[in-house]
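Have a look at the picture, try each task, then check the solution below it.

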Amino acid sequence: MHFIKPACFAILLALTGCSSTDYMTSSSPEAETAKDSQSNQAVSTLLNHAQQAFAHHDLDAADGWLMRAVQINPTDPEIYYQMALLRQAQGQKEQARQLVLRTLSLNPNKQMKQNLNNLLLQL
């Protein structure tokens, strides 16, 4: 029975030597680019799902897809623009207005700025 304790100690000692400290090293630029690409692809997919749900008048589902997208990329102006359109369709004009202003603060492209200004005129 005495040989079990040293054997367990040896196994534990061997396992602690196998631990990794990769969590302390920074990611390579290639890894960051791949991660960004995956995030962009995920957001694009979620936006497509939201637009399809919106087109089928399933506003709750559209909201769910957009909420997931904003968790992945909280600085994507397209997400907030789509959320503004959704809030307008739900009759929540003040929330839609706030989302338009948020979208404008995220430096959207020229076409989106025009769309946002048109949406503001409707609210």
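**Exercise 1.** Which residues does Arg87 touch, not counting residues up to four places away in sequence?

*Solution.* Keep in mind that you're looking at a predicted model.
- Step 1: find Arg87, which sits in helix 4, residues 77–89.
- Step 2: skip residues up to four places away in sequence, and Arg87 touches Asp63, Gln92, Gln95, Ala96 and Leu99.

**Exercise 2.** Decide whether Arg87 counts as buried or exposed.

*Solution.* 
- Step 1: the cut-off for buried is under 20% relative accessible area.
- Step 2: Arg87 has a relative accessibility of 10%, so Arg87 counts as buried.

**Exercise 3.** Work out how helix 4 and helix 5 are arranged.

*Solution.* 
- Step 1: these two helices pack at an angle of about 165°, and their axes are 8 Å apart.
- Step 2: angles over 145 degrees count as roughly antiparallel, so helix 4 is roughly antiparallel to helix 5.
- Step 3: the crossing of helix 4 and helix 5 is left-handed.
- Step 4: now for the residues that meet. On the helix 4 side they include Tyr80, Met83 and Arg87, while Gln95, Ala96 and Leu99 are among them on the helix 5 side.
- Step 5: sort the contact of helix 4 with helix 5 by class, and you get 8 nonpolar, 3 polar and 2 charged residues.

**Exercise 4.** Which residues of the largest nonpolar core touch the most other members?

*Solution.* 
- Step 1: this core has 23 residues, and Leu66, Ile79, Tyr80, Met83, Val100 and Leu119 touch the most other members.
- Step 2: look at who supplies the core. Helix 2 (29–55), helix 3 (59–72), helix 4, helix 5 (93–105) and helix 6 (110–122) each give at least two residues.
- Step 3: helix 4 provides the largest share, 6 residues.
- Step 4: zoom in on Leu66. Neighbours within four places in sequence aside, Leu66 contacts Leu47, Ala50, Ile79, Gln82, Met83 and Leu86.

Methods:
Residues are numbered from 1 along each chain as its sequence is written. This is a predicted model: local features need pLDDT of at least 70, side-chain atom pairs count only at pLDDT 80 or more; totals for chains, interfaces and linings use all residues. Side-chain values use heavy atoms; hydrogens and water are left out. Helices (H or I, at least four residues) and strands (E, at least two) are DSSP runs, numbered from the N terminus. Buried means under 20% relative accessible area, exposed over 50%, partly exposed in between (1.4 Å probe, protein chains only). Contact means heavy atoms within 4.5 Å. A nonpolar core is a set of buried Ala, Val, Leu, Ile, Met, Phe, Trp, Tyr and Cys residues joined through side-chain atoms within 4.5 Å. Axes are lines fitted to C-alpha atoms, for helices over the stretch in contact, and angles run from 0 to 180 degrees between N-to-C directions. Angles under 35 degrees count as roughly parallel, over 145 as roughly antiparallel, 65 to 115 as roughly perpendicular and the rest as oblique. A crossing is left-handed if the near helix is turned anticlockwise from the far one by less than a right angle, and right-handed if clockwise. Ala, Val, Leu, Ile, Met, Phe, Trp, Tyr, Cys and Pro count as nonpolar, Asp, Glu, Lys and Arg as charged, and the others, Gly among them, as polar.
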